[in-house]
Amino acid sequence: MLNLFLKDVRAGGIFLWAVVPLNIVAALQVSRSGGAFFWANVACAALILVAVSMLEWRNDAEPFVHSLPVTRAMVARARYVTAAAIGLLSLLVGATVGTARGLGLAAQGMPWPRWVSGDMALAFLLTFAVVAAIYLPCHFRWGFGKGNVAAALVLAAGIVVTGLAGPAVTGVQAAAGGAAQRGVPPGRIPQGVALLVEHVGLVAGGIIVVALAAGLLAVSAQVAARAYERREF
Amino acid sequence: MNPILELRGVTKHYPGFSLREVSFSLPRGHVCGLIGPNGAGKTTIVKMILGLVRPEGGALRVCGDDPVTAERAVKDRIGFVHEVPAYYDHLRVGAIASIVRPFYSRWDQPLFEALVREFEVPTGKWFGSLSRGTRTKAALALALAHHADLLVLDEPTAGLDPVFRRSLLERLAAYVADGQASVLFSTHITSDLERTADYLTFIRDGRLVFSATREEVFDRWFVVRGDPRVLDDSIRQSLAGVEVGPHAFTGLTSDAAGVRRQLAGREAVVEAATLEDIMYYAGRSC
């Protein structure tokens, strides 16, 4: 599995490293808005994840990958390791850009931005885990083309149904004590995580969120591995 | 000793095409040519060996193991060269080798380096910038460098110049000479197999036409040519894929002695068939 992950890093390096410029460009554009920055960061990370899959599709490299002594389950699970690495790298870049922005604001005597905080880092990880947990099983079941369409439809349906990226639901806002108004990015996940951390603290909240993200990815990896077993090339 | 590759009654159904109960085996230390027209099922068989598609019936064994249940162990013993080798176009050959290397338990880096030198593959060039022939050479170096027990070559000589093609065939013969490794060689270029293959397996429309040693094949099949006026019903029944022109008829027979008796004294000849003759006339008769 480590070799498969390293294969993704070596073959997809050109895209993995794009996390940095993509996030910085996005950050420059949207850093005045915490919400926009948060979702741009999620979008950049998702783009990199899709790009790694695109690379194999574009090069028609799946027969090559399957000629290697690996099982399909290993190929699927290794992509989750890659996804985790992309998530952490994106978080690191996002946090660096956010901190720089916060220090800039502080130098001007302005308050530290609410969205540059531990709970929003957790929210980012959980949000990206949700995206990866939806995208990867679709990719492994239907391939790059149909899989992307399927994942986009599922995500779109999810956004419509839960208001994931849309305006916060009034009830959640009220329960969070108006977190959205205090600079928490819009969407159920960031606002839910802000609420959780407010109630249980950053450490306990962190454990819960990381466990939730890991559990979600573990279940998704099982689904993806089984789906991939059924694919034929 | 168990065959290195064994297919017993393997079936696979697609819309418009079925592989029907194909059985053949390849002992260790031999080269097997897998021949047949386009769409015959050769690539489906190659994909099954690699686990890219799953058989729906029958049994397939590589080194005695099922490629589905023992996928990793089986693939560790297979070297594969695709008709159009596809890796990552934006990587150099050396970088591709460094990706491939850790996967194989018997990867031999000095051997890989010797092979790319011998094949004149520029390891510093992007894979996507290589000619088709050089890509095939790079794929061959990767496939040969981990001491595979079974080399699976899917139309490998299609993009190669005649000089390298000849040296490749010699290399394949040497590869199996120790009696441990075998080569499954799927190709349309039947002249390659006439030089190299110990066994020949002919697939057509998803069915096995024959699988036998090269000697058995060439001892069995003959081409009959002659004046169309001598082609009576009894001779016609002994021939496969008969082609009748204004001046001559041609057909394939597996009963050369019987046809010679029937033709006694008439204007016709019975001569050794080439593999291309066998594919062509046997194909016409199906």
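In the predicted model, the centres of domain 1 and domain 2 of chain B, taken over C-alpha atoms, are separated by 34 Å. The domain assignment places domain 1 of chain B at residues 5-217 and domain 2 of chain B at residues 221-285. Contact between these domains involves nine residues of domain 1 of chain B and eight residues of domain 2 of chain B. On the domain 1 side, α7 (190-196) and β8 (199-204) of chain B each contribute at least two residues. Helix α7(B) provides the largest share of that side, three residues. By class, the side of domain 1 of chain B that touches domain 2 of chain B comprises six nonpolar, one polar and two charged residues.

Helix α1 of chain B spans residues 42-50 and is mostly covered. Seven of its nine residues are buried. These are B:Lys42, B:Thr44, B:Ile45, B:Val46, B:Met48, B:Ile49 and B:Leu50. B:Gly51 follows α1(B). The phi of B:Gly51 is positive, near 80°.

In chain A, attention turns to a pair of helices. Two packed helices are described by the angle between their axes and the distance between the axes. Helix α6(A) covers residues 72-107, and helix α7(A) covers residues 118-162. Their axes come within 10 Å and cross at roughly 150°. Angles over 145 degrees count as roughly antiparallel. Helices α6(A) and α7(A) are therefore roughly antiparallel to each other. Their crossing is right-handed. From α6(A), the contact draws on A:Ala76, A:Arg79, A:Tyr80, A:Ala83, A:Gly87, A:Leu91, A:Gly94 and A:Ala95. From α7(A), the contact draws on A:Ala121, A:Phe124, A:Leu125, A:Phe128, A:Ala132, A:Leu136 and A:Phe140. The contact of α6(A) with α7(A) has twelve nonpolar, two polar and one charged residues. An α-helix has 3.6 residues a turn, so residues three or four places apart point the same way.

The two chains also meet. Chain A gives 19 residues to the contact, and chain B gives 23 residues. On the chain A side, the elements that give two or more residues are α1 (2-11) and α5 (62-67) of chain A. The side of chain A that touches chain B divides into ten nonpolar, five polar and four charged residues.

Terms used: Residues numbered from 1 in each chain as written. Chains lettered and ligands numbered in written order. Predicted model: local features only at pLDDT ≥ 70, side-chain atom pairs only at ≥ 80, totals over all residues. Buried ≥ 20, exposed ≤ 12 C-beta atoms within 10 Å, placed from the backbone. Helix = DSSP H or I, 4+ residues; strand = E, 2+ residues; numbered from the N terminus. Axes fitted to C-alpha atoms, helices over the stretch in contact; angles between N-to-C directions. Parallel < 35°, antiparallel > 145°, perpendicular 65-115°, else oblique. Left-handed = near helix turned anticlockwise from the far one by under 90°. Contact = placed C-beta atoms within 7 Å. Nonpolar A, V, L, I, M, F, W, Y, C, P; charged D, E, K, R; others polar. Domains from an automatic or database assignment.
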